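Please examine the sequence and the structure shown below.

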Amino acid sequence: MFERFTRDARDVVKGAYAFVEGSGGGGQCVEPEHLLLALLDREGSRGSFALAALGLDQRRESVREALREARRRAGLTQAETDALAGLGIDVEEIVARVEEAHGVGALAGDRKGKGRWSGRVSFGRGAKEVLERSLRVALAQRDRHIGDEHLLLALTLRPGVPAEVLADHGVTYESLVRVLYGSGGEAKAG
């Protein structure tokens, strides 16, 4: 599958690895959130064009902050947090108590020294699903390659924090398809 990846798509994957390996991402696995962070850092690609066309280029920091907050909540989406609140469970109160006892970011899952780790970064289940879905998205659009735009489209289709954060910022699968392919379905962006 990786042989179909464009240079831009490969750079997104490398950027996601960099977030995990560096201080920016934490953890041992590349997750969908890391792919989104790497996409936000892209310039001059079809994916970055689409994000700019939808106004996200001026709100990148807002997206990063929303991802940080979700990570602090152990990766729960706002919808999940709201559902738990409906059951009388205050996630923010739980996070505050855990952080009081164990330090800020204790629920983020990226604390050093927990368990054995080989040191090798791998793809988490969610990131693998995004990569697989990007192939299906490319095939559905009759594209012969997988570009960063397909990774972005795949992120909007997979339920979870990245899709929710993107939707909260006006980026949905439908809006991306309109920008990237127009109403005729043929590639037009980038």
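Helix H3 (residues 46-53) packs with helix H10 (residues 173-181) at an angle of about 115°, their axes lying 10 Å apart. Helices here are DSSP runs of H or I with at least four residues, numbered from the N terminus; axes are lines fitted to C-alpha atoms over the stretch in contact, and angles run from 0 to 180 degrees between N-to-C directions. H3 is therefore roughly perpendicular to H10, a term covering angles of 65 to 115 degrees. The contact (heavy atoms within 4.5 Å) is made by Arg46, Phe49, Ala50 and Ala53 of H3 with Leu176, Val179, Leu180 and Tyr181 of H10. Seven of these residues are nonpolar, none is polar and one is charged; Ala, Val, Leu, Ile, Met, Phe, Trp, Tyr, Cys and Pro count as nonpolar, Asp, Glu, Lys and Arg as charged, and the others, Gly among them, as polar.

The model is predicted: local features need pLDDT of at least 70 and side-chain atom pairs count only at pLDDT 80 or more, whereas totals for chains, interfaces and linings use all residues. Residues are numbered from 1 along each chain as its sequence is written, and side-chain values use heavy atoms, with hydrogens and water left out.

Within H10, the buried residues (under 20% relative accessible area, with a 1.4 Å probe and protein chains only) are Ser175, Leu176, Val177, Val179, Leu180 and Tyr181. These buried residues pack against H3 and H8. Just after H10, glycine 182 adopts a positive phi of about 65°.

Apart from neighbours within four places in sequence, leucine 35 contacts Val12, Val13, Ala16, Val30, Ala127, Val130 and Leu155.

Arginine 144 lies in the loop between helix H7 (125-140) and helix H8 (148-157). Its relative accessibility is 78%, so arginine 144 counts as exposed, the cut-off being over 50%. Arginine 144 and arginine 4 are 140 residues apart in sequence, yet 7.3 Å apart in space, C-alpha to C-alpha.

Methods: Helices (H or I, at least four residues) and strands (E, at least two) are DSSP runs, numbered from the N terminus. Angles under 35 degrees count as roughly parallel, over 145 as roughly antiparallel, 65 to 115 as roughly perpendicular and the rest as oblique.
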